[in-house]
Amino acid sequence: MIRIDCPSCGGRDEVEFAYRGDATVVRPAGDAGEEAFHDFVYRRANPRGWHVEWWYHQAGCRQFLKVVRHTMTHEVHAVARAGDRVEVPAAEHTGVPAAEHKGVPAA
Amino acid sequence: MSVSDVVKADHLTPGAYGAVGGDPVRIARVTCDVVQVMARKGRAADVAAALLASHEVVLPGPGAAAEGRGMTALWVQPEGWFVVAPRAGDGVLAGALKASCGDAGSVVDQSHGRSVIRISGSRAAWVLAKSCRVDLHPSVFGPGRVASTQLFHLGVTLRQVDAVPSYDLMVFSTFVTSFIEALCQAAEETGYVVA
């Protein structure tokens with residue numbers, strides 16, 4: 001069970017939220033080409049370690065939240081509103097090199 | 001008598017049910033108008049000023065309710081509130097709020113879409129705790145507090161009304177029969193009185 005500290009509602013259980021995917025992907029420019037859009041839509045890093053994710057508080061304030069979650073331990077490091085920046089702990093804490101868990105997968 | 005005999009369609013049959021000899025909770029429907037008010041982008045201050053002028057209410061922040069003239073405003077989401085008032089007829093409350101907000105906010109009458117159930121008594125929090133994930137202990141929750149959460153797998157806007165304690169539970173009207181049945185089952189242990 002993950003507890004997510006919603007900026008509006010306070011600490012709530014995971015069941016009140018819906019996982020809405022990777023919050024680190026950035027939409028490419030309109031003329032970036034088919035391959036860039038393929039990667040944007042389908043390719044995810046699947047990191048072991050800290051990850052920034054969208055969680056939708058569907059049973060509470062109905063807001064999209066940015067959650068920094070550790071994919072191995074489920075520890076939640078930070079929760080922020082959708083438009084806010086979040087701090088991601090240094091990769092050393094997880095034993096996973098930064099390039100490995102932040103970058104797009106190698107071709 | 002089973003719970004389905006207590007709950008006919010969407011109304012409660014008066015009587016005393018469940019365990020006897022204890023301290024029963026009271027369960028009742030609250031007849032009220034419910035209107036959703038949401039500020040348009042960047043207009044939250046205008047909505048707050050308008051409702052302060054028209055209904056003498058200071059719109060509450062997260063997790064709180066505030067009393068105004070003949071109504072109560074409940075925070076439900078950033079820049080969004082439910083306004084609850086005693087039943088006054090179709091569109092009366094919504095019309096007044098719409099006239100007050102003008103183009104600063106969206107006003108939607110939800111009186112048909114939401115139903116309010118009140119549970120009160122010294123063991124009300126005990127009954128709710130069987131399903132509620134929000135801590136209702138008096139040290140962290142009290143009169144005037146609001147939480148949007150889930151009870152019995154249904155979305156509910158929970159408001160503590162007084163220190164008895166009494167709680168108003170607002171659910172989608174289409175789920176209210178199922179919700180009351182679940183609530184009554186949870187209250188079998190303490191016993192419950194339907195007024």
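Start with chain A: of its 107 residues, 21% count as buried. Here, buried means that 20 or more other C-beta atoms lie within 10 Å of a residue's own, with C-beta atoms placed from the backbone.

Before you click on, some housekeeping. This is a predicted model, where local features need pLDDT of at least 70 and side-chain atom pairs count only at pLDDT 80 or more, while totals for chains, interfaces and linings use all residues. Residues are numbered from 1 along each chain as its sequence is written, and chains are lettered from A and ligands numbered from 1 in the order in which they are written.

**Stop 1: chain A as a cartoon.** Follow the chain from the N terminus and they come in the order β-β-β-α-β-β-β-α. (Helices are DSSP runs of H or I with at least four residues, strands are runs of E with at least two, and both are numbered from the N terminus.)

**Stop 2: where chain A meets chain B.** Select the contact, which takes eleven residues from chain A and ten residues from chain B. Two residues are in contact if their C-beta atoms, placed from the backbone, lie within 7 Å. Colour the chain A side by type and you get three nonpolar, four polar and four charged residues. Ala, Val, Leu, Ile, Met, Phe, Trp, Tyr, Cys and Pro count as nonpolar, Asp, Glu, Lys and Arg as charged, and the others, Gly among them, as polar.

Stop 3: Eleven residues of domain 1 are in contact with nine of domain 2. Which strand gives the most to the domain 1 side? That's S11(B), with three residues.

**Stop 4: the largest nonpolar core.** Such a core is a set of buried Ala, Val, Leu, Ile, Met, Phe, Trp, Tyr and Cys residues joined through C-beta atoms within 7 Å. This one has 64 residues, and Leu74(B), Trp81(B) and Leu169(B) are among those with the most contacts inside it. Now pick helix H5 of chain B (residues 176–187), which gives the most to this core, with seven residues. Both domains of chain B give residues to the core, so it lies between them.

**Last stop: Leu169(B).** Zoom in and, leaving aside neighbours within four places in sequence, look for its contacts, including Val116(B), Ile119(B), Leu151(B) and Leu158(B).

Definitions and conventions:
A residue is buried if 20 or more other C-beta atoms lie within 10 Å of its own, exposed if 12 or fewer, and partly exposed in between; C-beta atoms are placed from the backbone. Domain bounds come from an automatic or database domain assignment.
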